[in-house]
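Open your viewer and show the chain as a cartoon. We will go from the overall fold to a few single residues, one selection at a time.

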Amino acid sequence: MAAALDVPRNAKLGFGVATLVTAAVVALFVLPGTGRPTFLYAALAFVLLVSLGGLLTAVFTAVSAVRLARS
């Protein structure tokens, strides 16, 4: 079932997009100047990366499932 829905490709795409979004958020909001310790922002970036990557993977897999069901 995972092969039919192309889950590995969806995961690579989802986490790739999440990495780009996380890097953009860090560059826009964290790098200009922070008053708090950097490790806290690194932890938040990790949480954003993992949660957004999982969400995008689920969305892309759902789109694959709908396409498979229609064909």
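Follow the cartoon from the N terminus on: the elements run α-α-α. That makes 3 helices and 0 strands in the protein chain. The radius of gyration is 16 Å, well over the 11 Å that the globule rule gives for 71 residues, so the chain is more spread out than a compact globule. Keep in mind that what you are looking at is a predicted model.

Along its principal axes it spans about 55 × 15 × 15 Å. Buried residues make up 17% of the 71 residues.

**Stop 1: two stretches from a record**

**Stop 2: a nonpolar patch**

Select Leu13, Val17, Val21, Val25, Leu28, Phe29 and Leu48 and show their side chains. Together they form a nonpolar patch on the surface, with about 580 Å² of accessible area. Which helix gives the most to this patch? Helix H2, residues 7-30, does, with 6 residues. Click on Leu13, which sits in helix H2. Leu13 has a relative accessible area of 38%, so Leu13 counts as partly exposed.

**Stop 3: a salt bridge**

Side chains of opposite charge can pair when their charged atoms come close. A search of the whole structure finds 1 salt bridge. To see this pair, select Arg9 and Asp6: their closest N and O atoms are 2.8 Å apart. Are these two residues buried, exposed or partly exposed? Arg9 is partly exposed at 42% relative accessibility, and Asp6 is partly exposed too, at 32%.

**Stop 4: a distance to draw**

Finish at Ala4, in helix H1 (residues 2-5). Ala4 has a relative accessible area of 52%; the cut-off for exposed is over 50%, so Ala4 is exposed. Draw a line from the C-alpha of Ala4 to the C-alpha of Val25: the two are 21 residues apart in sequence and 34 Å apart in space. Val25 is one of the patch residues from Stop 2.

Note on methods
Residues are numbered from 1 along each chain as its sequence is written. This is a predicted model: local features need pLDDT of at least 70, side-chain atom pairs count only at pLDDT 80 or more; totals for chains, interfaces and linings use all residues. Side-chain values use heavy atoms; hydrogens and water are left out. Patches are made of residues with over 30% relative accessible area and no salt bridge: like charges are joined within 9 Å, nonpolar side chains (Val, Leu, Ile, Met, Phe, Trp, Tyr) within 5 Å. Accessible areas come from the Shrake-Rupley method with a 1.4 Å probe; for residues, only the protein chains shown count as cover. A salt bridge is a side-chain nitrogen of Lys or Arg within 4 Å of a carboxyl oxygen of Asp or Glu. Helices (H or I, at least four residues) and strands (E, at least two) are DSSP runs, numbered from the N terminus. Buried means under 20% relative accessible area, exposed over 50%, partly exposed in between (1.4 Å probe, protein chains only). The radius of gyration is taken over C-alpha atoms; the globule rule is 2.2 Å times the number of residues to the power 0.38.
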